[in-house]
Amino acid sequence: MTDLYGQLFQKVLYPGWESGLRGRPTLAHLEQLKRTEWCSTDELHAIQTTGLQQLLEHAQTHVPHYRRRLRHAGLQASDVTAVSDLAKFPLLTRDDASDSFEERKSTSTPLPEIKKMTSGSTGHPLSFAYDRGSEYWRQAMKLRGYGWAGYQPGDRSLHFWGSTAAVHHIPRHARTKSAVDHLIRREHYINCADHSEGALANVVEQIRALSPSVILCYAQAGAALGRYIVETKCRDWQDIPIISAAERLFPADRAVLVEAFGPGVFETYGNREVMLIAAECEAHDGLHVSMENLIVEVVVRDESSERAADPGELGEVVITDLHNYGAPFIRYLTGDLAVQRPEQQCACGRWLGRLHAVEGRVTDTLRDGLGRPIGGMFFIVLFAALAHKVRAFQVVQHKDRSVDLKLVPGAEFDDSLLEGVKRACSKAIPGVALRTQVVAEIPLGPGGKTRVVVVEN
Ligand SMILES: [Zn+2]
C-alpha cells in the first residue's frame with residue numbers, strides 16, 4: 001500500500017529529480033516499457049531487431065573489437081534482418097570479455113563513462129563499462145520488474161542485502177551520497193552477511209519498526225530469515241511482497257518465504273554486467289525476460305557446435321545488451337544456466353519471453369573419479385527433497401577432486417541421515433573421497449552470497 005509520502009515521492013519528488021533536475025530519461029523509458037510489455041511476440045521481436053541493427057552499426061563503425069570480429073566472420077551489420085541472425089555472430093566468453101575490454105570500448109560517443117567490476121563466482125574479476133544512456137534503460141527496466149511485485153519508487157523498502165561497499169571498495173564520498181539517496185528513497189539496508197540468530201532477530205525487529213511495503217533480499221539470506229521466522233513463530237504482520245535477487249531461489253526456500261511473508265514472492269535474475277535480466281510477474285510462472293533492453297539466448301554447445309536450446313532444455317544464458325554502446329556486450333556468455341521456455345502467452349497476459357528459474361552456474365560442474373562431469377544440480381535436487389532435515393548445505397570440490405560436504409541440520413535431522421546422504425553422493429559422483437561435516441552455519445562468500453556448490457579450479 002502506497003502511503004502519502006510514497007504518493008508524493010512518485011508523483012512529485014522522483015519525477016522532479018529524475019526528469020527535471022537531472023534531465024534523465026529514466027521515467028520516459030519506464031512509461032514506454034509499461035506499454036511495450038503488452039506487445040505481441042512479433043512486435044517485441046521488431047523492437048529487438050531495430051535495436052540490434054543500430055547496435056551492430058555502431059559497433060562496426062566505432063568499436064575496434066567488433067569491427068575485427070565481424071570481418072573475421074565475413075559479416076556486415078547490414079546482414080542482420082532478424083533477431084535469429086544473431087546466431088551467426090561468435091560468442092563472447094568471460095575470458096574474451098576480459099581480454100578485449102580496452103578494444104571493446106567505443107571510440108566515439110556514447111563513451112563508456114560508467115566503469116564497474118564484477119568479482120564473479122569464479123574468482124576472476126571482470127572489468128566492464130557502459131554509457132549513461134544504458135544506465136537509464138537499466139534503471140527503468142529494474143523499476144518495471146520490481147513494479148510487478150508491487151514496488152513503487154518512494155515506497156518504504158527493506159533491503160536484506162549484500163554489502164557491495166565492502167566488496168567493491170566504493171569511496172567514502174560515494175557511500176555518503178548513496179546513504180542520502182537511500183534515505184530520500186526510503187530504502188533501508190541491512191547487511192545480510194550475518195545469518196546468526198541475533199542478526200535475524202534484529203531483522204525481525206526492523207520489519208516491525210519500519211512496516212516496509214516490500215522486502216528485497218538475496219535469495220539465500222531471505223530463506224534463512226524466513227526459516228527463522230517460521231521456526232520461532234514470530235510473524236505478526238500482514239503479507240509483505242518479497243523480491244529475491246542475486247541467487248537462485250529454490251522451491252523449499254520459496255515455500256518458507258511464503259509462510260513467513262505471504263504468497264507474493266517474486267524471483268529476479270540479473271548480473272552486474274547488464275542488471276535485471278528477467279523478473280517474475282504476478283502469475284508466478286517463470287521469469288519474464290527484459291526483452292526491450294536485452295536479447296537473451298539459451299544456447300547448448302559442445303567443442304565444435306552450438307545451437308539454441310529447445311523448450312524445456314537446459315543451456316547457457318547468452319546476453320546481448322541493446323543499449324550499451326559504450327563498451328558493448330554482444331553474445332556474452334554469462335556463465336549461468338537456465339531452462340528455455342516455449343514462446344507462449346503468460347497467464348498475466350504478457351508475451352515477453354520467459355525463462356524457467358535459472359538453475360545455477362556453468363562452473364558448478366563437479367568431476368567424478370574418472371573426470372566425467374557431474375552437474376551440481378544433483379545436490380540441489382537431493383537437498384531440496386530433504387529440506388526439513390537439512391537446513392542448508394555446501395559442496396566443495398577441491399583440486400584433487402576430493403569433496404567436502406557441509407550440512408546444517410534442520411528440525412528433523414538425525415544421524416542416520418548422514419549415511420543415506422553419503423551413499424547417494426558416492427553413487428552420483430563415484431571415485432572421489434567424500435567427507436561430510438555437520439556445521440552450525442555455512443560460511444558466506446564475499447558480499448553476503450552463499451554458494452552451495454563450489455568447484456575449486
Ligand atoms: Zn507473466
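**Entry 1: Arg138**

I began with Arg138, which is buried because its relative accessible area is 1%; buried means under 20% relative accessible area, exposed over 50%, and partly exposed in between, with a 1.4 Å probe and protein chains only. I note here that this is a predicted model, in which local features need pLDDT of at least 70, side-chain atom pairs count only at pLDDT 80 or more, and totals for chains, interfaces and linings use all residues. Residues are numbered from 1 along each chain as its sequence is written, and side-chain values use heavy atoms, with hydrogens and water left out.

I located Arg138 in helix H6 (residues 132-148). Helices (H or I, at least four residues) and strands (E, at least two) are DSSP runs, numbered from the N terminus.

What does Arg138 touch, not counting residues up to four places away in sequence? I listed Tyr130, Arg272, Glu273, Val274, Met275, Asn293, Asp321 and Asn324, where a contact means heavy atoms within 4.5 Å. For Glu273 I also recorded a polar contact: its backbone oxygen lies 3.0 Å from a polar atom of the Arg138 side chain. A polar contact is a pair of N or O atoms within 3.5 Å; within protein, one must be able to donate a hydrogen and the other to accept it, and residues adjacent in sequence count only if both atoms are side-chain atoms.

From Arg138 I moved to Met275, one of the residues it touches. Met275 belongs to strand E8 and has a positive phi of about 65 degrees, although it is not a glycine. Its relative accessibility is 18%, so Met275 counts as buried. I then checked strand E8 (residues 275-280) as a whole and found six of its six residues buried.

Which strands pair with E8? Strand E7 (residues 265-271) runs antiparallel to E8 and is joined to it by four bridges. Strand E9 (residues 287-289) is also antiparallel to E8, with three bridges between them. Two strands pair if DSSP finds at least two bridges between them.

I followed Ala279 across these pairings. Thr268 stands opposite Ala279, and in E9 the bridge partner of Ala279 is His288. The hairpin from E7 to E8 passes through three residues. The hairpin of E8 and E9 has six residues between the strands, and His284 in that turn has a positive phi of about 50 degrees.

I also looked up Gly270, which is in strand E7. Its relative accessible area is 37%, so Gly270 is partly exposed. Beyond four places in sequence, Gly270 touches Met275, Leu276 and Ile277. Its C-alpha atom is 6.8 Å from that of Ala246, which is 24 residues away along the chain.

**Entry 2: the zinc ion**

Which atoms coordinate the zinc ion? I found Cys281 (SG), His288 (NE2), Cys346 (SG) and Cys348 (SG), at 2.1 to 2.3 Å. Donors are N, O and S atoms within 2.8 Å of the metal (3.2 Å for Na, K and Ca); water is not among the atoms, so sites may look incomplete.

Why is the arrangement tetrahedral? The four donor atoms subtend angles of 101 to 115 degrees around the zinc ion, which makes it so. Four donors count as tetrahedral if all angles lie between 85 and 135 degrees; four count as square planar and six as octahedral if opposite donors are over 155 degrees apart and all others between 65 and 115; anything else is irregular.

The donor residues are spaced C-x6-H-x57-C-x1-C in sequence. His288 in strand E9 and Cys346 in the loop between strands E13 (332-340) and E14 (354-361) are 58 residues apart, and this pair links distant parts of the chain. His288 counts as buried because its relative accessibility is 1%; Cys346 counts as buried at 4%.

**Entry 3: backbone details and an exposed residue**

I noted a cis peptide bond from Thr109 to Pro110, with omega near -5 degrees. Pro110 is in the loop between helix H5 (94-99) and strand E1 (114-118).

Arg331, not a glycine, has a positive phi of about 55 degrees. With 0% relative accessibility, Arg331 counts as buried.

Ala440 lies in the loop between strands E19 (434-438) and E20 (453-455). Its relative accessible area is 62%, so Ala440 is exposed. Leaving aside neighbours within four places in sequence, Ala440 is in contact with Arg391 and Val408.

**Entry 4: confidence**

Last, I looked up pLDDT, the predictor's confidence in each residue, from 0 to 100. The protein chain has a mean of 87, and 86% of its residues reach 70 or more. Confidence is highest in E8, at 97, and lowest in helix H7 (residues 164-168), at a mean of 45. Over residues 165-170 pLDDT stays under 50, and the model has twelve contacts beyond four places in sequence for them.
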